[in-house]
Number of protein chains: 2
Amino acid sequence: MPELMVRLGARSYPVRIEWGSLDSDLTACVESHLPRGNGALLTDTHVGPLYAESVSKGIEGTGRKVHVLTVTAGEASKSFEVLTRVWGDMLRAGLDRGSFLVALGGGVVGDLGGFVAATYMRGIPFLMIPTSLLAQVDSSVGGKVAVNHPLCKNLVGVFAQPRAVLVDPSLLKTLPPGEFVSGMAEAVKVAVALDGGLFDAIESGAGAIRKLDPDTVTALIHRALERKAGVVALDEKEETGERTLLNFGHTVGHALEATGGFGAIRHGEAVAVGMSFAARVAQRNAGFPPASTARLEGLLRALDLPFRLPSWADPEALIGAMRPDKKNLRGALRLVLPLRIGSAEPARDVPEETIREVLEEMKPKG
Amino acid sequence: MPELMVRLGARSYPVRIEWGSLDSDLTACVESHLPRGNGALLTDTHVGPLYAESVSKGIEGTGRKVHVLTVTAGEASKSFEVLTRVWGDMLRAGLDRGSFLVALGGGVVGDLGGFVAATYMRGIPFLMIPTSLLAQVDSSVGGKVAVNHPLCKNLVGVFAQPRAVLVDPSLLKTLPPGEFVSGMAEAVKVAVALDGGLFDAIESGAGAIRKLDPDTVTALIHRALERKAGVVALDEKEETGERTLLNFGHTVGHALEATGGFGAIRHGEAVAVGMSFAARVAQRNAGFPPASTARLEGLLRALDLPFRLPSWADPEALIGAMRPDKKNLRGALRLVLPLRIGSAEPARDVPEETIREVLEEMKPKG
């Protein structure tokens, strides 16, 4: 079954996951899910040269006109300056409330494109075509879109669901290896927090995954997104708690990204270290078996993901950066801790002392 | 019945309209509708000195801490620069996803505050306390919030419904007379487009309204908001057409504001001229009775509102500015035309020639 549904009542949408779907399904997807007006195709300087022309042709084949807008690849494009330019370009292109947007790229383009679409003239429909593994396996589904404030990553955003998501794992052939590895961290996150069977599948399929075997990779993305869609359907706006579990590994992950400065560490690598951290805290506080920590770290190693702190990381700075995390309600430090592989829960009130000890223990062996 | 409900399923909210409600109802409103965290009180340099302290005390009396954020009064504050500062101030104040925002001011503060609340950490709850007649009678209800792009007013926004709206018409005592007059235009708009009885009431009560008679003004606001709430409940996101009727007078209105430059004409004055324009077009194209145009212009005159073009207005520039109006789907020029006092409908394809003739006819006599 190549198609999943994210079930959100009137905002439900399909996620089509198929090797080669950009060729086989784009036209039908545009016809079914986007208005008949003209639109914007937002992409970046890495992805645009590879795929923008064929996507653009595919959309124009349906009789819609599309304006290609290209931003510089990288996190720095999630800025107010770039937003202002993109909104202005859309206005100059004559796009209006009957228009649409297609976001063709990785996490940055998805975040920026989703936010632009959600706010342009109070919202126009959008389609996600994720091109990185991180976006294909996680961020293109669920409607979390945001841009960066000079003081804080992802401070400004909304929940905005796309009309459809088109996932073509064959696009991963052109993804730089480091980005592929980084994306695997989000798949491992879903597995540890929600799905022990997925963890087994990643463990046993690690070799095939790294060789980009079509069936194995497609099945992996499908299963991870199926889990994510289930959680999002229960808790669209991170209000009832289910969705919080998807933040597993992200508290320390975000602190690493913030203290390292944007670009010092990939998001997935930071999440990998964050998962290892959470496992070690859970070992002390929540009865997580030490053998499971070893198993998690073994898988991270097999996937070329880090599970120790980078040498530049400073435990005290990390603790400081964890405090203003926007997932901490009313100042209480909140971590998602695994109970066993496949199950996790939010934990309040982890003693700062425990956090410090675990961070010290995770310093690189020198 | 001082309380109205805006019926939007899970996003329904009450609008409390009562003379003196800022004293009598603020505490209960905060207790019932805002989370127990800390919050921001957004206001401007006109309203803040008059009311921020008492509102702040009222909120803090419930055990919540509140940070007062003051922006310069006027449309120029609906900018990305001011947004960036406000989001940053909220972050520095330690506000998080469990926090809230209270927007205390007129249309600008409501637009800015609603947009800030809707986008800060992907959305925090907010309360509207409108202090201008325009905001009390119209913009505080319905969830349309937006900020300005350098190229286009209100280009960037979302539909974001507040948790509650607290309307205290006694605050109008401190409103500058020109602002009061301007706000009346939106009440007349609702009357002409939706409610002939309200039009009668404004006509017969014009004297009492201008003297700010508590019962007359409170009843006027209640009735106008009741109509607006009904339309918003049918068409929250301006998709099915009902809500379009609230744009009566706004096509030429926005063109006047845009060609005059921000500040050359008050929003309500521009809408008043726009209503007169639409009536005159409807007289030619939609059978609107000439006597009703005369009656509308008579009421505008009685309220000190303009119904001719300002001397600086240029018909050709206005026609040009009407084209990129975001209410024109796919480039077709779209006006809302009255059928009779109390009823209107969207009209497509009004000939440009008719528009030009009517604009020429509306040039100031001189």
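## Relation of the two chains

Residues are numbered from 1 along each chain as its sequence is written, while chains are lettered from A and ligands numbered from 1 in the order in which they are written. The model is predicted, so that local features need pLDDT of at least 70, side-chain atom pairs count only at pLDDT 80 or more, and totals for chains, interfaces and linings use all residues; side-chain values use heavy atoms, with hydrogens and water left out.

## The sheet of chain A

Chain A holds an open sheet of 7 strands in the order S1-S2-S9-S6-S5-S3-S4, with mixed pairing. Helices (H or I, at least four residues) and strands (E, at least two) are DSSP runs numbered from the N terminus, and two strands pair if DSSP finds at least two bridges between them. Strand S1 (3-6) and strand S4 (66-71) of chain A stand at the edges with a single partner strand each, so one side of each is left without a neighbour in the sheet. On average, neighbouring strands of this sheet are turned by 15° against each other, direction ignored.

Strand S3 (residues 39-44) and strand S5 (residues 100-105) of chain A run parallel and are joined by 4 bridges. A:Gly39 stands opposite A:Phe100 in S5(A). Helix H5 (residues 107-119) of chain A packs on the sheet, touching S3, S4, S5 and S6 of chain A, and its direction makes about 170° with that of S5(A). Axes are lines fitted to C-alpha atoms, for helices over the stretch in contact, and angles run from 0 to 180 degrees between N-to-C directions.

## Aromatic pairs

Over all chains there are 4 aromatic pairs. Rings of Phe, Tyr and Trp (its six-membered ring) pair if their centres lie within 6.5 Å; planes under 30 degrees apart count as stacked, over 60 as edge-to-face and the rest as tilted. A:Phe80 and B:Trp87 are stacked, at 5.2 Å centre to centre and 20° between the planes. A:Phe80 lies in helix H4 (residues 80-92) of chain A and B:Trp87 in helix H4 (residues 80-92) of chain B, so the pair joins two chains.

A:Phe80 is buried, with a relative accessible area of 9%, and B:Trp87 is buried at 2%. Buried means under 20% relative accessible area, exposed over 50%, and partly exposed in between (1.4 Å probe, protein chains only). A:Phe80, B:Trp87 and B:Phe115 form one aromatic cluster.

## Nonpolar core

The largest nonpolar core has 222 residues, and A:Ile202 and B:Ile202 have the most contacts inside it. Such a core is a set of buried Ala, Val, Leu, Ile, Met, Phe, Trp, Tyr and Cys residues joined through side-chain atoms within 4.5 Å. Beyond its neighbours within four places in sequence, A:Ile202 is in contact (heavy atoms within 4.5 Å) with residues including A:Met184, A:Leu220 and A:Leu303.
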